[in-house]
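The notes are grouped by topic.

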Amino acid sequence: MTMQNAVMVRNAKKGYGAGVTILNDLNVNVPRGCIYSLLGASGCGKTTLLSCVVGVRKLDSGDIWVLGGKPGTKECGIPGPRIGYMPQDVSLIDEFSLFDALHFFGRISGMEKYEIEERYMELKDLLQLPPRNRLVKNMSGGQQRRVSFAAALLQRPELLILDEPTVGLDPVLRDNIWNHLAKITKEEGVTVIITTHYIEEAKQSDRIGLLRNGQLLAESSPNELLSRFQTDSLEEAFLTLSQQQQEQSRQENINSISSPSGGINPSYNSQSRKYQSNWKIRSMALLYKNLLQFIRHPGGFLFSIVLPFLQVSLFFNTIGLEPKDLKLYIVNDEAGKCHGQKYLGNVTYYEEDRTCKFIDLSCRFIAGIDENVLEKKFYDNYEQAKNRLNDKRDAIGIMHFKKNFSLGMQEKIENMVRMSDNLISAAAIYVTLHTPDREIALFATQKLYKMFNNDFEKIVEECGLNKKYAHLPIKFEKPIYGKEDQNYGEYVIPVFLLTLLFFLPTSVSSSTIITDRDSGIWNRILVQGVTTAEILLTHLMSQFIIIMIQVSVALILSFGHYDLDCEGSMLGIFAISTLLALCGMVYGFFISVSCSSHVVANYAALGSFYPLVLLCGLIWPIEGMPKALKWLSLTLPITIPGNTLREIMHKGTDFDNPDVYLGFLVISAWIFGLLFICLFQLKRSG
Ligand SMILES: Nc1ncnc2c1ncn2[C@@H]1O[C@H](COP(=O)(O)OP(=O)(O)OP(=O)(O)O)[C@@H](O)[C@H]1O
């Protein structure tokens with residue numbers, strides 16, 4: 001009868017980058033139901049070969065058959081529960097307890113809960129497992145490796161791939177493990193491929209493959225090797241073979257020592273499969289994993305609730321509020337300090353000739369300046385005030401009334417066309433602002449205009465005239481939408497909210513895939529049959545819960561606590577905010593998939609924050625940008641949706657208006673586009 005090979009490798013070539021060949025025309029035969037020890041110096045390519053066997057990496061050329069088929073094909077069943085894989089790294093999840101780890105790996109292999117329990121009872125003594133509730137991050141290195149080993153043995157796979165399972169274990173436990181492997185190969189027909197640095201323990205295997213310079217120096221039973229080199233030390237045999245390889249050609253070596261293997265015979269009679277898993281079971285297990293990782297990670301709560309709470313509260317307590325404690329110097333050449341501001345000047349109306357007489361009108365205007373906004377400080381003359389301001393820089397500017405201010409104002413009302421130049425120049429309030437701060441200058445200018453207009457309207461009325469005479473010949477009517485005196489905070493809040501809700505999920509999801517990859521769990525579960533799409537979609541689903549919390553916190557705080565006005569539908573606001581947060585999350589996944597490390601991912605997330613904030617119209621309207629940047633800005637995920645949110649909030653625009661549905665379309669396009677790229681990248685990188 002032809003010997004069945006559980007694993008066959010033919011003419012395998014594999015390298016990393018140009019000119020670095022790790023596997024060089026390698027042939028391997030692993031007979032079914034044996035322990036096959038793959039030995040070789042550190043860095044010779046053992047892990048590389050195993051990762052190609054389990055389908056995590058692809059050969060550059062050559063063929064691999066595993067359990068009768070090529071990895072990835074249906075008849076092979078790999079990736080899937082037929083294989084048990086213990087990678088070289090621990091490849092567990094820190095936030096898992098032993099119980100969680102076994103349940104997770106058991107469930108993705110399709111085991112029932114009671115089957116996992118039964119198996120745990122069998123493995124607990126064999127592997128001296130730690131207490132079932134101890135978290136992986138609190139276990140010793142040896143304990144972690146034993147749990148990782150238990151996870152590989154759990155579903156009684158047909159093929160066990162163990163990359164250095166006995167490192168760091170005491171000799172008694174190592175012995176137990178070898179005995180157990182011998183038992184399952186004999187009794188259950190399991191095939192085991194094992195790598196070890198303890199060369200002598202490989203004597204207990206049925207077959208040994210000695211790997212050097214990308215080729216097998218030998219592939220035979222330990223006894224054949226020992227007797228061929230007349231030694232009882234495998235190490236010595238390996239040394240002699242290595243020396244021979246340097247002298248002889250590869251062909252001579254392989255021909256002389258390789259035992260007949262049955263040639264290329266990929267036919268393999270599969271056992272009936274013990275466990276069948278499907279996408280639903282695997283997805284539930286993955287969701288459970290994500291949830292536990294979130295709950296048990298100290299940053300989880302901080303990111304989902306505390307951060308949006310803090311950021312929204314900070315916004316409402318900082319942006320758009322009126323500046324306070326500003327000082328204004330006052331120089332009044334007409335009436336000095338107006339007797340401690342108690343004197344308000346005089347406005348007398350003479351009914352008979354319908355004229356008005358003003359005395360010290362400047363005092364009236366000075367009294368009209370709200371002390372809560374602008375604290376007044378009097379100086380005797382302009383030069384003195386100017387010098388003081390240059391020295392101290394403790395005021396926003398100087399307000400100056402000239403000597404004939406009242407007379408000038410009186411003439412302006414009564415006899416404007418015949419006024420002398422001197423009087424015209426006296427009939428004005430001179431304000432010199434000394435602040436480089438544009439927002440404060442703008443604020444002070446608006447305030448002073450408003451105060452002046454109010455006072456002037458009243459004075460004109462006291463003179464028996466309609467207050468309209470006080471108006472400038474330009475009139476700003478009530479806006480069609482929104483408020484007349486909308487402040488800066490109300491203008492930026494829609495885009496601020498969207499930017500916040502976009503970047504909060506980005507910062508979490510940008511590290512998700514990298515964390516999975518770095519911990520080794522990514523490759524391990526792919527070998528167990530989980531697909532990249534399942535990993536991505538379950539991450540999307542579990543983070544969606546976090547997103548809902550974040551959106552709710554931000555909106556309840558803004559509209560509930562801080563009374564932000566909303567003219568339109570709250571549902572529309574909730575929908576666009578949630579979609580944008582979803583877009584931020586997918587953008588984070590895109591970063592995570594594209595970057596090789598947490599550091600690079602952080603740079604990418606932070607690096608894209610400022611360009612996006614600058615371009616999206618949060619700080620300054622995009623109407624002021626150069627044309628090219630404006631067009632670029634319109635393609636970004638926050639600009640048009642930001643406008644949509646403004647439309648709903650400030651104008652109450654309905655969904656059937658292009659200004660609203662365009663925002664939804666832009667975000668949807670970004671979400672689907674980014675998701676597609678993520679899936680493509682993940683598939684390409686295997
Ligand atoms: N992703 C990678 N990119 C570039 N080089 C790699 C990569 N993975 C492994 N190598 C290199 O390939 C060679 C073989 O590595 P591999 O991990 O397969 O060796 P090994 O025999 O398992 O070593 P050890 O016994 O120390 O675990 C090493 O020189 C290693 O540096």
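A polar contact is a pair of N or O atoms within 3.5 Å. The model is predicted. In it, a nitrogen atom of the ligand lies 3.5 Å from an N or O atom in the Y16 side chain.

**Ligand surroundings**

- The protein covers 61% of the 630 Å² of accessible area that the ligand has on its own.
- An oxygen atom of the ligand is 2.6 Å from a polar side-chain atom of S42, and a polar backbone atom of C44 is 3.2 Å from an oxygen atom of the ligand.
- The ligand is surrounded by 14 residues, the closest being S42, G43, T47, T48 and Q88.
- By class, this shell comprises 7 polar, 4 nonpolar and 3 charged residues.
- Helix α1 (residues 46-53) supplies the largest share of the shell, 3 residues.

**Disulfides**

- There are 2 disulfides in the structure, and with the bonded cysteines numbered in sequence order the pairing is 1-3, 2-4.
- C338 and C363 are joined with an S to S distance of 2.1 Å; C338 sits in helix α11 (residues 338-341) and C363 in helix α12 (residues 361-367), 25 residues apart.
- Both C338 and C363 are buried.
- The sulfur atoms of C356 and C463 are 1.9 Å apart in the other disulfide; the torsion about this S-S bond is about -100 degrees, so the disulfide is left-handed.
- C356 belongs to strand β12 (residues 355-359) and C463 to the loop between α16 (438-462) and α17 (488-509), so the pair ties together parts 107 residues apart in sequence.

**Other cysteines**

- C566 is partly exposed, at 26% relative accessible area.
- C595 is in no disulfide, and the nearest cysteine sulfur, that of C678, is 11 Å away.
- C595 is buried, with a relative accessible area of 13%.

Terms used. Residues are numbered from 1 along each chain as its sequence is written. This is a predicted model: local features need pLDDT of at least 70, side-chain atom pairs count only at pLDDT 80 or more; totals for chains, interfaces and linings use all residues. Side-chain values use heavy atoms; hydrogens and water are left out. A residue is near a molecule or strand if one of its heavy atoms lies within 4 Å of it. A polar contact is a pair of N or O atoms within 3.5 Å; within protein, one must be able to donate a hydrogen and the other to accept it, and residues adjacent in sequence count only if both atoms are side-chain atoms. Accessible areas come from the Shrake-Rupley method with a 1.4 Å probe; for residues, only the protein chains shown count as cover. Helices (H or I, at least four residues) and strands (E, at least two) are DSSP runs, numbered from the N terminus. Ala, Val, Leu, Ile, Met, Phe, Trp, Tyr, Cys and Pro count as nonpolar, Asp, Glu, Lys and Arg as charged, and the others, Gly among them, as polar. A disulfide is a pair of cysteine sulfur atoms within 2.5 Å. Buried means under 20% relative accessible area, exposed over 50%, partly exposed in between (1.4 Å probe, protein chains only).
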